[in-house]
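Subject: Structure handover and notes

Dear colleague,

I am passing on the structure we discussed, with the sequence placed alongside it. Please open it below first, and then read the notes that follow with the coordinates at hand.

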Protein chains: 2
Amino acid sequence: MELLKQKILDEGKTVGSDVVKVDMFLNHQIDVDLLCEIGKEFRRIFDSEKINKILTIEASGIGIACIAAQYFSVPVVFAKKGANRNVGDNIYKADVYSFTKGVTTTIGISKDYIGKDDHILIIDDFMANGKAVHGLINIINQAGATVEGIGIVIEKGFQSGGDSLRSMGYRVESLAVIKSIDDGKVVFG
Amino acid sequence: MELLKQKILDEGKTVGSDVVKVDMFLNHQIDVDLLCEIGKEFRRIFDSEKINKILTIEASGIGIACIAAQYFSVPVVFAKKGANRNVGDNIYKADVYSFTKGVTTTIGISKDYIGKDDHILIIDDFMANGKAVHGLINIINQAGATVEGIGIVIEKGFQSGGDSLRSMGYRVESLAVIKSIDDGKVVFG
């Protein structure tokens, strides 16, 4: 998606050879006009799939998933991190290791909001090692639901997440794949 | 907002005399069609205000804020909870006590994304004691920005948050105000 790639080049800030910060438009401050274009693009890409629900994970996936969901006319369900008495214990859980934070978090989705009849599009902002998506797939499998596709805004192509999921047979579509960060410059794959 | 009130009556689940769970359509599973109507209603209510940014707090405020922001044509900034090395220390911080979780969380917003020229609409899903909104106002004050209004989807009118903010002169607009929960039934104010 050229608009997104140009935005990353124009505004993203690289840190070393493996981090690109996009919190000026994607995951802290959010450019909602860009999100609408991202949502339409996901709809175009996954148009042929039978999708009745979009799944994401808090926090930065939620805005992207909600905006995209408008174009699919389906609800969003987001996995919550940690325990919360308002969720109850009627939940599917999975552990997710975050390389960013260096901790393992338990994510959960209420059994009321995912079931065997669901055909799910997973959406998230970033994919590096793919641990968050694997956690969501774990929950989808527990629920007996079907993964119809995985839509990622920015994939770090030099980390293993995307390819490991593709090799498992999942349809992973990333709107921008970063091949490398060379001398502070983002190179797309 | 009648559509919202009817949704709360039809689908919300009360727990005791002070909790109504709406995680089937607002803060775990999200009815995006309803969110669009909520976003339009906030736009209608705050139409005369000069707003250039919507501020919210992770996680459940993000979807509402992003959908609403489309109708204002402004970006969203969401306060992050806890520390995260990707945010850096160039941030405004405030402590927020959560009665739901029984813990104090430090929320933060990068100094890059809020400043003295900003005219801000705060949006959140729920208001009870108003601690989250007070935390956001604290940060807005640190940044020298202006609070133009506070838009809440569901206010617990029997708790003090809304009235304490109104008595401080803030414009608080809640789309549904719950006056009480009597014998498991929600009564609106």
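This is a predicted model: local features need pLDDT of at least 70, side-chain atom pairs count only at pLDDT 80 or more; totals for chains, interfaces and linings use all residues.

Leaving aside residues up to four places away in sequence, Leu165(B) touches Gly130(B), Val133(B), Ile150(B), Tyr170(B) and Val172(B). Asn129(B) is 36 residues away from Leu165(B) along the chain, and the C-alpha atoms of these two residues are separated by 9.9 Å.

Turning to the fold of one copy, chain A contains five helices and 11 strands. For its 189 residues a compact globule would have a radius of gyration near 16 Å, and chain A has 16 Å, so the value agrees with that expectation. The C-alpha trace of chain A spans about 50 × 35 × 35 Å along its principal axes, and 43% of the 189 residues of chain A count as buried. If one takes the contacts in chain A between residues at least 6 apart in sequence, 59% of them join residues at least 24 apart.

Helix H4 of chain A covers residues 131–143, and its 13 residues should span 18 Å at 1.5 Å a residue; the end C-alpha atoms are 19 Å apart, which agrees. The buried residues in H4(A) are Ala132(A), Val133(A), Gly135(A), Leu136(A), Ile137(A), Ile139(A) and Ile140(A). Just after H4(A) comes Gly144(A), which takes a positive phi of about 75°.

The other element is S5(A), which is mostly covered, with five of its six residues buried. Strand S4 of chain A, residues 53–57, pairs with S5(A) in the parallel sense over four bridges, and within this pairing Leu55(A) stands opposite Val77(A).

How are the two chains related? Chain A can be laid on chain B with an RMSD of 0.0 Å by a turn of 180° and a shift of 0.0 Å along the axis. The two copies are therefore related as by a two-fold rotation axis.

As for the interface, 32 residues of chain A are in contact with 32 residues of chain B. On the side of chain A that touches chain B, strand S3 (29–30), helix H2 (32–45), helix H3 (61–72) and strand S5 (76–81) each supply at least two residues. The largest share of that side, six residues, comes from H3(A). By residue class, the side of chain A that touches chain B divides into 16 nonpolar, eight polar and eight charged residues. Of the interface residues of chain A, 100% are also interface residues in chain B, so the copies meet through the same surface.

There is also strand pairing between the chains: S3(A) and strand S5 of chain B, residues 76–81, pair in the antiparallel sense over two bridges. Here Gln29(A) stands opposite Val77(B) in S5(B). S5(A), for its part, belongs both to the parallel pairing with S4 of chain A and to the elements that supply residues to the side touching chain B.

With best regards

Key
Residues are numbered from 1 along each chain as its sequence is written. Chains are lettered from A and ligands numbered from 1 in the order in which they are written. Copies are superposed by least squares on the C-alpha atoms of residues with pLDDT of at least 70 in both. Two residues are in contact if their C-beta atoms, placed from the backbone, lie within 7 Å. The radius of gyration is taken over C-alpha atoms; the globule rule is 2.2 Å times the number of residues to the power 0.38. A residue is buried if 20 or more other C-beta atoms lie within 10 Å of its own, exposed if 12 or fewer, and partly exposed in between; C-beta atoms are placed from the backbone. Ala, Val, Leu, Ile, Met, Phe, Trp, Tyr, Cys and Pro count as nonpolar, Asp, Glu, Lys and Arg as charged, and the others, Gly among them, as polar. Two strands pair if DSSP finds at least two bridges between them. The expected span of a helix is 1.5 Å times one less than its number of residues.
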